[in-house]
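Please examine the sequence and the structure before reading the solutions.

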Amino acid sequence: MATWRRDGRLTGGQRLLCAGLAGALSLSLTAPLELATVLAQVGVVRGHARGPWATGHRVWRAEGPRALWKGNAVACLRLFPCSVVQLAAYRKFVVMFTDDLGHISQWSSIMAGSLAGMVSTIVTYPTDLIKTRLIVQNMLEPSYRGLLHAFSTIYQQEGFLALYRGVSLTVVGALPFSAGSLLVHMNLEKIWNGPRDQFSLPQNFANVCLAAAVTQTLSFPFETVKRKMQSPGASQMYKDNYLGPGYAKRNMGHVVHRTERFVYSNMIGMVFFCLFDYWRFAKRLEPSATTASPTYMSSDGL
């Protein structure tokens, strides 16, 4: 059991700014890996040499170096509304799960974080779909000229529900994600053979990488199906009620040979952790005594 209390060393605006800046920079640094992952998930690289480097090189040669950051501006823009919704939802869920003595169990804390992440992802889901469309399209012959143009075009040509195609996979994928988070955090003290509140900076960094690797690997089949449903022409290829236990099973090969997802997950965790720690140092803060609860993240690390 843990006691939940508000950390008053940073205001809400300062926390949002730190998370937004760290998230935007981490997404920008790892955008080429995200592009390679999405292209592999939707099947664009089928028949070509696979792997993040081969995919990135092919996109560079065909569309230019700027193409490696396709969709990154949308991913960065959605960080701030997503963070606002997630923080607000997390506080509400924590209050719901906290007992009369102000205590909250580890499982309840993980569930609160997962549910808050799901809420924020669903609210901002159209921007995630648009990011996928921008990544898949050819920059030299674009179908969408930006966020607003893509939103308007998809709404007019495919209808409002098309902006939420594949959102059901977000809910389904949260289940293995939460299970992976609980599995990792329940065994941290056994792994390090010591109490959690005495973990050093390198140990916390390793914990972030381990949790990201396990949770993203478990939820990766659902992420793959979601990306396929988000891609152009998905309305003719998939139905939203065809969620994918069978489809995901036939595509489990993506988990085996998509090692770039493991690299990407760890780089997101590493960069975000280091940048947040830098902003905390810039604010002259001492290391927090509380342990952050894991939240359900999309491919953007949210």
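**Exercise 1: A helix pair**

Helix α5 (residues 79–97) and helix α6 (residues 106–123) pack with their axes 8 Å apart, at an angle of about 145 degrees. This is a predicted model, in which local features need pLDDT of at least 70 and side-chain atom pairs count only at pLDDT 80 or more, while totals for chains, interfaces and linings use all residues. Residues are numbered from 1 along each chain as its sequence is written, and side-chain values use heavy atoms, with hydrogens and water left out.

Task: state which residues of α5 and α6 meet, and classify them.

Step 1. Helices are DSSP runs (H or I, at least four residues) numbered from the N terminus; axes are lines fitted to C-alpha atoms over the stretch in contact, and angles run from 0 to 180 degrees between N-to-C directions.

Step 2. Contact means heavy atoms within 4.5 Å. The α5 side includes Cys-82, Val-85, Ala-89 and Phe-93, and the α6 side includes Ser-108, Met-111, Ala-112 and Val-119.

Step 3. The residues of this contact divide into 13 nonpolar, six polar and no charged. Here Ala, Val, Leu, Ile, Met, Phe, Trp, Tyr, Cys and Pro count as nonpolar, Asp, Glu, Lys and Arg as charged, and the others, Gly among them, as polar.

**Exercise 2: The second largest pocket**

Task: describe the lining of the second largest pocket.

Step 1. On a 1 Å grid over the protein atoms alone, a pocket is an open set of points with protein on both sides within 12 Å along at least five of seven lines, and lining residues have an atom within 4 Å of a point. Grid points are joined across faces, edges and corners, and a volume is the space filled by probe spheres set on the points.

Step 2. The volume is about 300 Å³.

Step 3. Sixteen residues line this pocket, and Lys-70, Gly-71, Leu-134, Gln-137 and Met-139 lie nearest its centre. Helix α4 (residues 72–77) gives the most to the lining, with four residues.

Step 4. By class, the lining has nine nonpolar, four polar and three charged residues.

**Exercise 3: Phe-151**

Task: is Phe-151 buried, partly exposed or exposed, and what does Phe-151 touch?

Step 1. Phe-151 lies in helix α8 (residues 147–158).

Step 2. Phe-151 is partly exposed because its relative accessibility is 37%; buried means under 20% relative accessible area, exposed over 50%, and partly exposed in between (1.4 Å probe, protein chains only).

Step 3. Leaving aside neighbours within four places in sequence, Phe-151 is in contact with Pro-126, Ile-130 and Leu-163. The C-alpha atoms of Phe-151 and Leu-163 are separated by 7.9 Å.

Methods:
On a 1 Å grid over the protein atoms alone, a cavity is a set of points where a 1.4 Å probe fits but cannot get out, and a pocket is an open set with protein on both sides within 12 Å along at least five of seven lines; lining residues have an atom within 4 Å of a point. Helices (H or I, at least four residues) and strands (E, at least two) are DSSP runs, numbered from the N terminus.
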